[in-house]
Amino acid sequence: MSSKDVLVVKRRFAYPAEAVFDAWLDAHALGAWLFKTPDGVMEKVEAEARVGGMFRVNERRGEALAEHWGRYVEIDRPRRLAFDFGVGAETEPSTRVTIEIAPIAGGCELTLTHEGVWAEYQARTEQGWTMILDNLSRTVGAEKDRELIVSRFFEAPRALVWEAWTNPE
């Protein structure tokens with residue numbers, strides 16, 4: 001019989017802890033990075049972000065459908081998130097994934113702890129989580145980079161600019 005181990009993966013992000021944490025709970029964000037492969041097509045992404053709530057990420061990979069699910073067991077924004085995690089049907093055995101996020105200068109550090117990984121899948125699981133955290137970094141960065149701020153300076157009294165902006169005549 002195979003033994004089960006604990007896998008720990010750490011990653012630093014140049015983004016605030018809140019932005020990295022929130023990406024774990026938003027269905028739209030999850031579909032852009034969690035379990036996403038280069039050639040896969042997301043078919044179903046759901047997230048009910050509450051303790052006891054579920055998330056599901058189903059990606060079509062050629063003829064196969066990769067089904068991932070989780071049940072949130074702890075949500076402490078922006079520091080800690082834990083969920084029971086499974087692949088395939090929800091009746092299959094699950095493992096526990098805990099995410100801890102600590103602010104650091106210039107961003108945050110995420111520590112992912114995956115308990116119950118089969119020893120013979122340790123390297124493959126670590127490679128998978130590393131790819132997933134790379135995807136997360138690109139996604140959070142892409143969201144941050146989409147912010148657009150437009151400003152303009154008018155050489156006019158504030159009241160006149162306000163009047164021009166609010167009066168359709």
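## Charge, fold and confidence at a glance

The chain carries 21 positive and 28 negative side chains, and the centres of the two sets lie 2 Å apart. Lys and Arg count as positive and Asp and Glu as negative, leaving out His and the chain ends; each charge is placed at NZ of Lys, CZ of Arg, CG of Asp or CD of Glu. Please keep in mind that this is a predicted model, where local features need pLDDT of at least 70, side-chain atom pairs count only at pLDDT 80 or more, and totals for chains, interfaces and linings use all residues. Numbering runs from 1 along each chain as its sequence is written, and side-chain values use heavy atoms, without hydrogens and water.

**Fold and overall shape**
- You will find four helices and seven strands in the chain, in the order β-α-α-β-β-β-β-β-β-α-α along the sequence; these are DSSP runs (helices H or I, at least four residues; strands E, at least two), numbered from the N terminus.
- The C-alpha trace spans about 80 × 40 × 30 Å along its principal axes.

**Burial**
- Of the 169 residues, 36% are buried (under 20% relative accessible area, 1.4 Å probe, protein chains only).

**Confidence**
- The mean pLDDT, the predictor's confidence in each residue from 0 to 100, is 89 for the chain, and 92% of the residues score at least 70.
- Among the elements, strand S6 (residues 95–104) has the highest mean pLDDT (97) and helix H4 (residues 158–166) the lowest (81).
- Residues 144–148 have pLDDT below 50, and beyond near neighbours in sequence this stretch has one contact in the model (heavy atoms within 4.5 Å).
- Where pLDDT is low, the predicted coordinates should not be read in detail.

Methods: Buried means under 20% relative accessible area, exposed over 50%, partly exposed in between (1.4 Å probe, protein chains only).
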